[in-house]
Amino acid sequence: MTTTLITGANKGLGYETARRLIAAGHTVYVGARNVERGTAAAAELGARFVQLDVTDDASVAAAVATVEADGGLDVLVNNAGIEVRSPEGGIIGAGDLTADVMREVFETNVFGLVRVTHAFLPLLERSAAPVVVNVSSGLASLALAGKAYPGAAYPASKTTVNMLTVQFARAFPQMRINAVEPGYTATDLNRHEGTQTVEQGAEIIVRMAQLGPDGPTGGYVGAQGPLPW
């Protein structure tokens, strides 16, 4: 049986990914910062709950201990992410970007991903078919940069996620490690301005979470295939 942990899984893409993977036969841990919301989501889904704040070392270490005690981990989906906007709700462009905003976004989207991945690597290495899915964004693409979205911190964080994906995949060739672009999906992150449903957005996450040992690794892909870096 495949055991999967999804960070930020109490709502949005994480929740829908959990639902679909449970339907596919996975045992799923719903990772969430908020115990009440995470417990409720896990109960609705028929999943296991583990308290997990990707910005906190102690929280991540406790989550590792819980998952290890229950038998280990095969699939890690790094889904937790944030976008910081102005007090008025506006996207913060380069002209208004501060180090504090950059630090806040990177703390979750980049440092959190590294913290969680590093902590769970020993468990993943014990799996017969370990998989890591890093939820990136089309905004991470340098080839497509500046086409529409004027923000700076969020795209930069996801571009970093792509580089980390490549380097982790190179370092652990026995694992399938990929970055995915779910598309512009209506979630709390973008104040539900997205044009896709969570069902549509979760498709590529679910697909890549079910890769076998001979599947691709080190890639950056959307529902329609590979994306330009």
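Biologist: How many of the 229 residues of the protein count as buried?

Modeller: Of those 229 residues, 51% are buried, where buried means under 20% relative accessible area, exposed means over 50%, and partly exposed lies in between (1.4 Å probe, protein chains only). This is a predicted model, in which local features need pLDDT of at least 70 and side-chain atom pairs count only at pLDDT 80 or more, while totals for chains, interfaces and linings use all residues. Residues are numbered from 1 along each chain as its sequence is written, and side-chain values use heavy atoms, with hydrogens and water left out.

Biologist: Which pattern does the protein follow along the sequence?

Modeller: Helices (H or I, at least four residues) and strands (E, at least two) are DSSP runs, numbered from the N terminus. The protein has six helices and eight strands, and their order along the sequence is β-α-β-α-β-α-β-α-β-α-β-α-β-β. Its radius of gyration (taken over C-alpha atoms; the globule rule is 2.2 Å times the number of residues to the power 0.38) is 16 Å, close to the 17 Å that the rule gives for 229 residues, so the protein is as compact as a globular protein of that length. Along its principal axes, the C-alpha trace spans about 50 × 40 × 30 Å.

Biologist: What span should helix 3 have?

Modeller: The expected span of a helix is 1.5 Å times one less than its number of residues. For the 13 residues of helix 3 (residues 57-69) this gives 18 Å, and the end C-alpha atoms are 18 Å apart, which agrees. Just after helix 3, G71 takes a positive phi of about 130 degrees.

Biologist: Which residues of helix 3 are buried, and where do they lie around its axis?

Modeller: An α-helix has 3.6 residues a turn, so residues three or four places apart point the same way. In helix 3, the buried residues are S59, V60, A63, V64 and V67. Seen down the helix axis, they fall within an arc of 140 degrees (the arc of the directions from the axis to the C-beta atoms), so they line one face of helix 3. The face turned away from that buried side carries the exposed residues D57, A58 and A69.

Biologist: What covers the buried residues of helix 3?

Modeller: Their cover, judged by contact (heavy atoms within 4.5 Å), includes strand 2 (27-32), strand 3 (48-51) and helix 4 (99-125). Across the protein, residues 24 or more positions apart account for 67% of the contacts with a separation of 6 or more.

Biologist: Is P87 buried or exposed?

Modeller: P87, in the loop between strand 4 (75-78) and helix 4, is exposed, with a relative accessible area of 82%.
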